[in-house]
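Student: Hi! Could you walk me through this model with me asking as we go?
Tutor: Happy to, let's bring it up.

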Amino acid sequence: MITPAQCRAARGLLAWSQQQLADIARIGIVTVRTFERGETEPRYVTLEAIKRALEGAGVIFVEENGDGAGVRLRKKKPKASSK
């Protein structure tokens, strides 16, 4: 599952506020704040909602692989040229 640091980093890549994430994930702003500060561990369904919202906007979560967990943005597909 995602970590508080991954959540903060993903929002940073998207230039989203905590409120934007809460609105898109359909969860409370307090849930986002306390999760990102590491104060609470939200329920599984809440973490899934956060993850789905961020992934839907193009975030890829990189699992722990010895170098640490991370995030990156999905590469944008080039638009097909019409000739």
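**Talking through the model**

Student: Let me start with Phe61. Buried or exposed?
Tutor: Phe61 is buried, with a relative accessible area of 11%. Buried here means under 20% relative accessible area, exposed over 50%, and partly exposed in between, using a 1.4 Å probe and protein chains only. Before we go on, this is a predicted model, where local features need pLDDT of at least 70 and side-chain atom pairs count only at pLDDT 80 or more, while totals for chains, interfaces and linings use all residues. Residues are numbered from 1 along each chain as its sequence is written, and side-chain values use heavy atoms, with hydrogens and water left out.

Student: Good. Which element is Phe61 in?
Tutor: Phe61 sits in strand S1, residues 59-62. Helices (H or I, at least four residues) and strands (E, at least two) are DSSP runs, numbered from the N terminus.

Student: And what does Phe61 touch, leaving aside its neighbours within four places in sequence?
Tutor: Its contacts are Ile2, Gln6, Ala10, Lys51, Leu54, Glu55, Gly70 and Val71. Contact means heavy atoms within 4.5 Å.

Student: How far apart in space are Phe61 and Met1?
Tutor: They are 9.2 Å apart, C-alpha to C-alpha, although 60 residues separate them in sequence.

Student: Where is Met1, then?
Tutor: Met1 lies in the segment before H1. At 41% relative accessibility, Met1 counts as partly exposed.

Student: What salt bridge do the side chains of Lys51 and Glu55 make?
Tutor: Their side chains meet at 4.0 Å, N to O. The rule is a side-chain nitrogen of Lys or Arg within 4 Å of a carboxyl oxygen of Asp or Glu. Because Glu55 and Lys51 are 4 residues apart in helix H4, about one helical turn separates them. Glu55 counts as partly exposed at 30% relative accessibility.

Student: How many salt bridges does the count come to?
Tutor: The count is 3. One of them joins Arg11 to Glu36, with the closest N and O atoms 2.7 Å apart. This pair links distant parts of the chain, 25 residues apart: Arg11 is in helix H1 (residues 4-14) and Glu36 is in helix H3 (residues 29-36).

Student: Are those two ends buried or exposed?
Tutor: Arg11 is buried at 13% relative accessibility, and Glu36 is buried at 3%. For comparison, Arg37 and Glu39 meet in a salt bridge at 2.9 Å, N to O. There, Arg37 is exposed at 53% relative accessibility, and Glu39 is exposed with a relative accessible area of 52%.

Student: New topic: which residues of H1 are buried?
Tutor: Gln6, Cys7, Ala10, Arg11 and Leu14. They cover an arc of only 135° around the axis, so they are on the same side of H1. That arc is taken from the directions from the helix axis to the C-beta atoms.

Student: What covers them?
Tutor: The cover includes helix H2 (18-25), H3, H4, S1 and strand S2 (70-73).

Student: And what follows H1?
Tutor: Ala15 does, with a positive phi near 60°.

Student: How about the largest nonpolar core? How many residues does it have?
Tutor: It has 19 residues, and those with the most contacts inside it are Ile2, Cys7, Leu21, Ile27, Ile50 and Leu54. A nonpolar core is a set of buried Ala, Val, Leu, Ile, Met, Phe, Trp, Tyr and Cys residues joined through side-chain atoms within 4.5 Å.

Student: Which elements give two or more residues to this core?
Tutor: H1, H2, H3, H4 and S1 do. H4 gives the most, with 5 residues.

Student: Last one: what does Ile50 touch?
Tutor: Not counting residues up to four places away in sequence, Ile50 touches Ile2, Cys7, Leu21, Ala25, Ile27 and Phe35.
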